[in-house]
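Subject: Structure handover

Hello,

Please find the structure below. My notes come after it.

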Amino acid sequence: MVAGATDGTASFIASGAVAPGEWNSTLGTTLVVRGVSRELIKDPSGGVYCHAHPMGYWLPGGASSTGGECLKHSFPGEDWAALDREALARAPTALVVYPLARVGERLPFHQPRGHRPS
């Protein structure tokens with residue numbers, strides 16, 4: 001093996017975000033938010049962590065095990081293709097959502113009791 005990466009990091013690299021300041025969010029089994037930084041970002045709480053970038057940069061980000069489950073929880077029985085089209089038609093948006101569907105979720109908050117921030 002020459003190199004390896006987590007699925008979240010591999011999807012980030014595949015997105016084409018390669019320069020400092022570029023960010024990507026990937027939703028699969030896990031929700032991953034990752035960016036490119038010139039500097040190592042240290043978060044004492046562990047919510048944000050960094051992977052090394054092959055060009056000497058850092059990949060700060062975080063992950064939530066909520067993943068696509070948050071969509072199933074929030075939009076049961078919906079037409080996913082129609083929701084995708086509607087979301088694209090409304091982008092960009094100033095909406096902020098914290099999709100913490102279960103107890104113990106993380107990113108950007110750790111929710112040990114399942115409290116959902118407002």
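Predicted model: local features only at pLDDT ≥ 70, side-chain atom pairs only at ≥ 80, totals over all residues.

Residues are numbered from 1 along each chain as its sequence is written, and side-chain values use heavy atoms, with hydrogens and water left out.

Overall make-up. The chain has three helices and four strands, in the sequence pattern α-β-β-β-β-α-α. Helices (H or I, at least four residues) and strands (E, at least two) are DSSP runs, numbered from the N terminus. Of the 118 residues, 22% are buried (under 20% relative accessible area, 1.4 Å probe, protein chains only). Among contacts (heavy atoms within 4.5 Å) with a separation of 6 or more, 42% join residues 24 or more positions apart.

The sheet. The four strands make an open, antiparallel sheet ordered S1-S2-S4-S3, where pairing requires at least two DSSP bridges between two strands. Strands S1 (23-27) and S3 (49-52) are the edges, each pairing on one side only. On average, neighbouring strands are turned by 25 degrees against each other, direction ignored. S2 (residues 31-35) and S4 (residues 58-64) run antiparallel and are joined by four bridges. Arg-34 stands opposite Gly-61 in S4.

The helix. H1 (residues 7-14) lies across S1, S2, S3 and S4, at about 55 degrees to S2. Axes are lines fitted to C-alpha atoms, for helices over the stretch in contact, and angles run from 0 to 180 degrees between N-to-C directions.

Regards

Key. Buried < 20%, exposed > 50% of the residue type's maximum accessible area, 1.4 Å probe, protein only.
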